[in-house]
Amino acid sequence: MSQQLSSELVWNTLRKELFAVLGMVTARGEARTIGIVYIVHDKRLYIATQEDSWKATHTRNNPYVY
């Protein structure tokens with residue numbers, strides 16, 4: 001049985017947490033995951049990390065992250 005999730009339910013769940021695992025694929029097609037600490041504001045995730053870290057560079061350069 002399939003269950004539909006509303007976007008409001010997802011945002012409400014995200015607001016209750018502060019840590020998540022973000023998955024991505026490198027330019028060479030390698031899978032990578034990173035742990036992130038975040039806050040939610042106006043339906044946006046703000047991630048805390050060092051500006052020059054691998055995590056920041058690859059998250060910033062991902063075309064699906066705005």
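Predicted model: local features only at pLDDT ≥ 70, side-chain atom pairs only at ≥ 80, totals over all residues.
**View 1. Strands E2 and E3, side by side.** Five bridges tie strand E2 (residues 31-41) to E3, and the two run antiparallel. Two strands count as paired if DSSP finds at least two bridges between them.

Residues are numbered from 1 along each chain as its sequence is written, and side-chain values use heavy atoms, with hydrogens and water left out.

View 2. The three strands make an open sheet in the order E1-E2-E3, with antiparallel pairing. E1 (19-25) and E3 (44-48) are the edge strands with a single partner each, so one side of each has no neighbour in the sheet. On average, neighbouring strands are turned by 55° against each other, direction ignored. Helix H1 (residues 7-15) packs on this sheet and touches E2 and E3, with its direction at about 90° to that of E2. Those angles come from lines fitted to C-alpha atoms (for helices, over the stretch in contact) and run from 0 to 180 degrees between N-to-C directions.

**View 3. The E1-E2 hairpin.** Seven bridges join E1 to E2, again antiparallel. Phe19 stands opposite Val37 in E2. Five residues lie between the two strands, and Gly29 in the turn has a positive phi of about 80°.

**View 4. The largest nonpolar core.** Trp11, Met24, Ile34, Ile36, Tyr38 and Val40 make up this six-residue group. E2 supplies the largest share, four residues. A nonpolar core is a set of buried Ala, Val, Leu, Ile, Met, Phe, Trp, Tyr and Cys residues joined through side-chain atoms within 4.5 Å. Leaving aside neighbours within four places in sequence, Val40 is in contact (heavy atoms within 4.5 Å) with Trp11, Leu14, Arg15 and Leu45.

**View 5. Arg44 on strand E3.** Arg44 lies in E3 and touches Trp11 and Ile39, not counting residues up to four places away in sequence. Its C-alpha atom is separated by 18 Å from that of Met24, 20 residues apart along the chain.

**View 6. Ser53, in the loop between E3 and H2.** This loop is where Ser53 sits. Ser53 counts as buried because its relative accessibility is 15%, with buried meaning under 20% relative accessible area (1.4 Å probe, protein chains only). The Ser53 side chain reaches the backbone oxygen of Gln50 at 2.9 Å.

**View 7. Confidence along the chain.** Mean pLDDT (the predictor's confidence in each residue, from 0 to 100) is 87 for the protein chain, and 97% of its residues reach 70 or more.

Key:
Buried < 20%, exposed > 50% of the residue type's maximum accessible area, 1.4 Å probe, protein only. Polar contact = N/O pair within 3.5 Å; in protein donor to acceptor, adjacent residues only side chain to side chain.
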